[in-house]
Amino acid sequence: MKSLDTLIRLQKWQLDEKRRQLVELRRMYDDLCTAIARLDQEIAAEATLATSDPSLGATFGVFAQAARGRRDKLVASRAELDARIEGAEQEIAEAFGELKKIEVTKQGREARAQAQLARREQAALDEVGGLMMRRRQVAAAAD
């Protein structure tokens, strides 16, 4: 049983570690979404400014092209991170399944050990009962 207890502790630690990694990936995903939204706001603000001041209109095209390039990279990073999150969620599900298998195995072994102990106790009680019955029969025959 001790080996299963150790294995369960190890599996729980690994599961917790995978969960921590998933939380970190999700935080990074949220940060990327925030960065994309901030960049979109910046592009919109610059576009508004460029339309109100014609002298800035000439430089807006260069800015917008660079900003769109950065946005495309952020979107690509977000897509990659989304795939990593999906993989991490799958790993967590598998680790959780393994943990449950080990726990069920441990419960089965404990139940079998308990049943075996109960059988031994019952056999001992049956033996004591049989001895008492024989003594009564011997005492009754002697009377």
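**Glutamine 11 and its helix**

Modeller: In this predicted model, glutamine 11 has a relative accessible area of 10%, so it counts as buried, the cut-off being under 20%. Its place is in helix α1, which covers residues 2–52. Leaving aside residues up to four places away in sequence, glutamine 11 touches Ala95, Glu98, Leu99 and Ile102.

Glutamine 11 is one of a series of buried residues in α1, which also includes Leu4, Ile8, Leu15, Leu22, Leu25, Leu32, Ile36, Leu39, Ile43 and Ala50. What the buried residues of α1 pack against is α2, residues 54–142.

The helix itself has 51 residues. From the first C-alpha of α1 to its last the reach is 75 Å, close to the 75 Å expected at 1.5 Å a residue.

A search of the whole structure for aromatic pairs finds 1. The pair is phenylalanine 60 with phenylalanine 63: the ring centres are 6.3 Å apart and the planes meet at 45°, so the pair is classed as tilted. Both residues belong to helix α2, and because they are 3 residues apart there, about one helical turn separates phenylalanine 60 from phenylalanine 63.

How values were computed: Residues are numbered from 1 along each chain as its sequence is written. This is a predicted model: local features need pLDDT of at least 70, side-chain atom pairs count only at pLDDT 80 or more; totals for chains, interfaces and linings use all residues. Side-chain values use heavy atoms; hydrogens and water are left out. Helices (H or I, at least four residues) and strands (E, at least two) are DSSP runs, numbered from the N terminus. Buried means under 20% relative accessible area, exposed over 50%, partly exposed in between (1.4 Å probe, protein chains only). Contact means heavy atoms within 4.5 Å. The expected span of a helix is 1.5 Å times one less than its number of residues. Rings of Phe, Tyr and Trp (its six-membered ring) pair if their centres lie within 6.5 Å; planes under 30 degrees apart count as stacked, over 60 as edge-to-face and the rest as tilted.
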